[in-house]
Amino acid sequence: MVAQPYHLYIERDDSSKNMARFYAMSIEPTLFGDACLVRRWGRIGSCGQAKRHHFDREHDAVVLFLDLLRQKRRRGYRPKTAEDRAFTSNQSK
């Protein structure tokens with residue numbers, strides 16, 4: 001059984017390289033009570049790809065979750081802030 005909710009959505013934008021990527025992770029319970037780390041990634045605006053990792057213990061899923069988060073932060077992925085969302089919504093008007 002998953003005791004804590006773990007959800008993450010981060011983005012990496014670099015207009016000089018025409019790069020707009022997203023990365024999302026969550027730890028969800030399976031029907032049998034085990035922990036499942038679900039990863040989704042791809043270009044912003046696309047469906048992207050997905051991968052699931054099944055674990056017997058929630059602790060193992062959390063360790064992988066935090067390790068992947070550190071890797072993505074090193075590569076320049078950052079959470080979308082409220083200012084970023086307001087700026088992009090004003091741009092589309």
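Where is the place of Gln4? Gln4 sits in the segment before β1, and the numbered points below take up this residue again together with the others.

1. Basis of the note. The model is predicted: local features need pLDDT of at least 70, side-chain atom pairs count only at pLDDT 80 or more, and totals for chains, interfaces and linings use all residues. Residues are numbered from 1 along each chain as its sequence is written, and side-chain values use heavy atoms, with hydrogens and water left out.

2. Overall architecture. The protein chain contains two helices and five strands, in the order β-β-β-β-α-β-α from the N terminus. Helices (H or I, at least four residues) and strands (E, at least two) are DSSP runs, numbered from the N terminus. Of its 93 residues, 29% count as buried. Buried means under 20% relative accessible area, exposed over 50%, and partly exposed in between (1.4 Å probe, protein chains only). The areas come from the Shrake-Rupley method with a 1.4 Å probe, and for residues only the protein chains shown count as cover.

3. Gln4 counts as partly exposed, at 47% relative accessibility.

4. Salt bridges. The structure holds two salt bridges, each defined as a side-chain nitrogen of Lys or Arg within 4 Å of a carboxyl oxygen of Asp or Glu. One joins the side chains of Glu11 and Lys80 (3.5 Å, N to O). Glu11 lies in strand β1 (residues 6-14) and Lys80 in the loop between β5 (78-79) and α2 (82-92), so this pair ties together parts that are 69 residues apart in sequence. Glu11 is buried, at 11% relative accessible area, whereas Lys80 is partly exposed, at 23%. Arg57 forms a salt bridge with Asp60, the closest N and O atoms being 2.9 Å apart. Arg57 is partly exposed at 47%, and Asp60 is partly exposed at 30%.

5. A buried arginine. Arg39, in strand β3 (residues 35-43), is buried yet has no salt bridge; Asp67, the nearest side chain of opposite charge, is 8.7 Å away. Here Lys and Arg count as positive and Asp and Glu as negative, while His and the chain ends are not counted. The side chain of Arg39 does make a polar contact of 3.1 Å with that of His53. A polar contact is a pair of N or O atoms within 3.5 Å; within protein, one must be able to donate a hydrogen and the other to accept it, and residues adjacent in sequence count only if both atoms are side-chain atoms.

6. Positive surface patch. Lys17, Arg21, Arg43, Arg70, Arg74 and Arg75 gather in a patch of positive charge on the surface. Such patches are made of residues with over 30% relative accessible area and no salt bridge, like charges being joined within 9 Å; the place of a charge is taken as NZ of Lys or CZ of Arg. Arg74 belongs to helix α1 (residues 58-74) and is exposed, at 66%.

7. Loop residues. Asn18, in the loop between β1 and β2 (19-29), has a positive phi of about 55 degrees although it is not a glycine. Asn18 is exposed, with a relative accessible area of 57%. Ile44 lies in the loop between β3 and β4 (49-55) and is partly exposed at 35%. The C-alpha atoms of Ile44 and Tyr23 are separated by 9.1 Å, the residues being 21 residues apart along the chain.

Methods
Patches are made of residues with over 30% relative accessible area and no salt bridge: like charges are joined within 9 Å, nonpolar side chains (Val, Leu, Ile, Met, Phe, Trp, Tyr) within 5 Å.
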